[in-house]
Amino acid sequence: MSLTHTVHPIYEVTFLWVDPVLSLVGFVMAFAVPEMLIEGWVPKTIPNPATPSGFPVLPNPRVTHHPEYNVMIHELGGFFFTMMLVFGVLLRHTRDPFVWQLIIGCVCFIDFIVLGSTAVQYRGQGRLHPAAWRWEDWFSVSVTAYVGFLRLAYMLGFGVGEKEKMS
């Protein structure tokens with residue numbers, strides 16, 4: 001006998017549809033256009049420290065794509081592929097609350113690590129204030145924060161039905 005549970009539709013849409021699509025995009029980017037991933041972390045231009053407004057922006061000397069980085073980027077691509085299968089196949093196959101909580105909890109932990117690392121990276125680049133963000137930064141932080149807080153809400157039991165025995 002196994003357990004099952006019901007979840008709010010916002011969780012189903014996000015975990016079973018949005019997460020696999022975002023993971024697929026990350027997987028493709030890691031192997032087809034790794035430069036886009038690098039530029040997402042290290043922008044091509046940086047604010048000008050000599051002016052209060054940060055303009056005109058300066059070229060960023062750290063944005064070089066070295067082939068030695070490919071091993072890390074390909075590992076990230078493998079992670080995205082795994083997450084695509086976990087969200088797109090495994091969670092659709094089971095409603096076992098233990099499986100859902102384990103997966104959602106682990107990925108929630110990753111989301112908050114990503115947000116913290118992003119803040120550290122932006123501070124080091126002089127871009128911690130949202131006024132200095134590019135559209136890519138807004139998208140990345142917004143999506144990660146959205147899914148992270150949604151996963152946290154799931155883990156806290158908001159919108160999660162009672163566990164029921166299945167025969």
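This is a predicted model: local features need pLDDT of at least 70, side-chain atom pairs count only at pLDDT 80 or more; totals for chains, interfaces and linings use all residues.
**Exercise 1.** Find how much space lies in the largest pocket, and which residues and helices line the largest pocket.

*Solution.* Step 1: the space in the largest pocket comes to about 1,200 Å³. Step 2: the lining counts 35 residues, with Leu37, Trp41, Phe80, Ser140 and Thr144 the closest to the centre of this pocket. Step 3: two or more lining residues come from each of helix H1 (9-32), helix H2 (34-41), helix H3 (70-93), helix H4 (97-124) and helix H5 (135-155). Step 4: H5 supplies the largest share of the lining, nine residues. Step 5: by class, the lining of the largest pocket splits into 19 nonpolar, eight polar and eight charged residues.

**Exercise 2.** Locate the transmembrane regions in the UniProt record, then check the helix content of residues 12-33 and 98-118.

*Solution.* Step 1: the unreviewed UniProt entry places the feature "transmembrane region" at residues 12-33, 71-91, 98-118 and 138-161. Step 2: residues 12-33 are 95% helix and 0% strand, and their end C-alpha atoms are 30 Å apart. Step 3: residues 98-118 are 100% helix and 0% strand, with 30 Å between the end C-alpha atoms.

Definitions and conventions: Residues are numbered from 1 along each chain as its sequence is written. Side-chain values use heavy atoms; hydrogens and water are left out. UniProt positions are given in the numbering used here, feature names are shortened, and annotations may be inferred rather than shown by experiment. Helices (H or I, at least four residues) and strands (E, at least two) are DSSP runs, numbered from the N terminus. On a 1 Å grid over the protein atoms alone, a cavity is a set of points where a 1.4 Å probe fits but cannot get out, and a pocket is an open set with protein on both sides within 12 Å along at least five of seven lines; lining residues have an atom within 4 Å of a point. Grid points are joined across faces, edges and corners, and a volume is the space filled by probe spheres set on the points. Ala, Val, Leu, Ile, Met, Phe, Trp, Tyr, Cys and Pro count as nonpolar, Asp, Glu, Lys and Arg as charged, and the others, Gly among them, as polar.
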